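Let us walk through this structure one step at a time. Keep the sequence and the 3D view open as you read.

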Amino acid sequence: MNRQQIKQIAREGLWFNNPIFKQVLGICSTLAVTNLVLNTVVMCVALVFTMSFSSLTVSLLRKFTPRNIRMMVETLIIAFYVIIVDVILKAYWPQMSENLGPYVGLIITNCIVMGRCEACGNSNPPATALFDGMFNAFGYSFVLLIIATFREAMGMGTFLGLPLPYFSSPYWDKWIIMVMPPGAFFMLGIVTWVLRSFEIKTEEKTK
Amino acid sequence: MNLSAEMSQAFIICISAIFTQNILLSYFLGLCPFIGVSREIKAAFGLGLAVIFVMTCTCMLNWVIYNYVLSPLGLEFFRFILFIVVIAAFVQCVEMAIERYSPFLYQRLGIFLPLITVNCAILGASLFMVIREYTFISTIGYGLGSGIGWFLAIIAMSGIRQKLANDRIPQGLQGPGITLIITGMMALAFIGFTGVLQGS
């Protein structure tokens with residue numbers, strides 16, 4: 001596997017085929033944690049870990065897995081990694097484990113993990129699958145971090161818990177709605193809109 | 001707690017799961033099929049009904065398994081795998097049963113059933129039920145209420161999207177973008193129900 005291929009996979013995962021604003025997969029379980037940047041970072045790290053390694057494992061096992069039960073096998077592989085994340089979080093950071101609640105477990109049914117295993121892990125050598133999973137997870141994380149930054153700054157006037165200069169001053173009326181569920185939907189809608197418009201432009205340019 | 005008090009508790013949980021704590025609009029679960037299938041009312045109706053049924057039954061099954069098998073054995077961390085297996089197996093059984101006994105229903109619901117296995121709302125409901133430590137009767141109320149809440153949201157959304165079909169929307173906003181913004185407005189409207197139920 002050479003440099004060129006890795007670059008191509010990175011471009012696809014981060015931008016041209018971004019999980020969130022192009023594939024629109026897997027937004028379910030992670031939107032809920034974007035009201036605080038810290039929660040989002042932890043969730044994204046968990047996702048990068050799960051996604052890279054489950055893609056890798058699916059790819060390693062692809063020759064031994066019977067075709068018709070592969071969905072079940074993939075789910076079990078993903079669940080295995082999610083349990084590792086969950087147990088580690090519970091042991092070393094119980095507070096965070098409580099904040100994230102059921103959403104760590106819900107990575108199992110996060111469609112993007114399964115989607116990448118199906119689309120790439122199933123038919124490619126391990127190295128390609130690992131990078132594909134990793135870069136898709138990065139593409140996913142960066143959009144979520146944008147959303148979380150805006151939501152925390154506008155809703156609470158902080159970033160990672162530290163007060164921001166303008167947003168925490170009395171001049172800024174805190175938009176409580178941003179940290180409530182509707183704020184997440186609006187933010188994701190707007191981010192999708194902006195990034196898609198850019199993406200359409202860059203696609204036209206490369207053609 | 002006696003039975004009637006528990007029933008009324010379950011009823012309150014059911015209503016609050018439909019309106020104030022809607023599983024889609026305030027916990028973001030089941031968004032993928034929500035965006036994918038809400039283009040047509042007919043399909044949305046079929047999927048919604050299937051979700052109500054599967055969610056209620058799997059919540060009950062998972063409650064029994066969690067409280068009588070996993071908990072006594074101290075295998076709580078194993079619940080993710082077991083819940084997923086239960087859901088997948090249940091969906092498979094229901095599909096076979098429907099195909100055998102009611103071809104009409106199979107035609108309406110058949111294609112949606114496999115989709116449900118990967119619907120995060122189903123697994124989410126089971127996980128919430130564990131975290132909140134519901135009793136068995138409350139669990140029935142919770143599963144039913146969450147299902148109905150999801151059903152209501154997807155029906156409302158598909159109605160709105162059918163009207164949207166003829167509107168002019170900026171290119172980048174078409175499809176998922178506009179759907180998410182409308183969902184946000186729906187979530188705002190549902191916030192209006194907060195306070196309907198005191199102390200829930």
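Helix α1 (residues 3-18) of chain B has 16 residues, which at 1.5 Å a residue should span 22 Å; its end C-alpha atoms lie 23 Å apart, so the two values agree. The expected span is 1.5 Å times one less than the number of residues. Helices are DSSP runs of H or I, at least four residues, numbered from the N terminus.

This is a predicted model: local features need pLDDT of at least 70, side-chain atom pairs count only at pLDDT 80 or more, and totals for chains, interfaces and linings use all residues. Residues are numbered from 1 along each chain as its sequence is written, with chains lettered from A and ligands numbered from 1 in the order in which they are written.

Which residues of α1(B) are buried? They are B:Ala10, B:Ile13, B:Cys14, B:Ser16, B:Ala17 and B:Ile18. Buried means 20 or more other C-beta atoms within 10 Å of the residue's own, with C-beta atoms placed from the backbone. The cover over these residues includes α8 (136-164) of chain B.

Now turn to the chain contact. Chain B gives 33 residues and chain A gives 37. Contact means C-beta atoms, placed from the backbone, within 7 Å. On the chain B side, α9(B) gives the most, with nine residues.

Helix α8 (residues 181-206) of chain A packs on α9(B) at about 165 degrees, with axes 8 Å apart. Axes are lines fitted to C-alpha atoms over the stretch in contact, and angles run from 0 to 180 degrees between N-to-C directions. α8(A) and α9(B) are therefore roughly antiparallel (over 145 degrees).

Notes
Two residues are in contact if their C-beta atoms, placed from the backbone, lie within 7 Å. Helices (H or I, at least four residues) and strands (E, at least two) are DSSP runs, numbered from the N terminus. A residue is buried if 20 or more other C-beta atoms lie within 10 Å of its own, exposed if 12 or fewer, and partly exposed in between; C-beta atoms are placed from the backbone. Angles under 35 degrees count as roughly parallel, over 145 as roughly antiparallel, 65 to 115 as roughly perpendicular and the rest as oblique.
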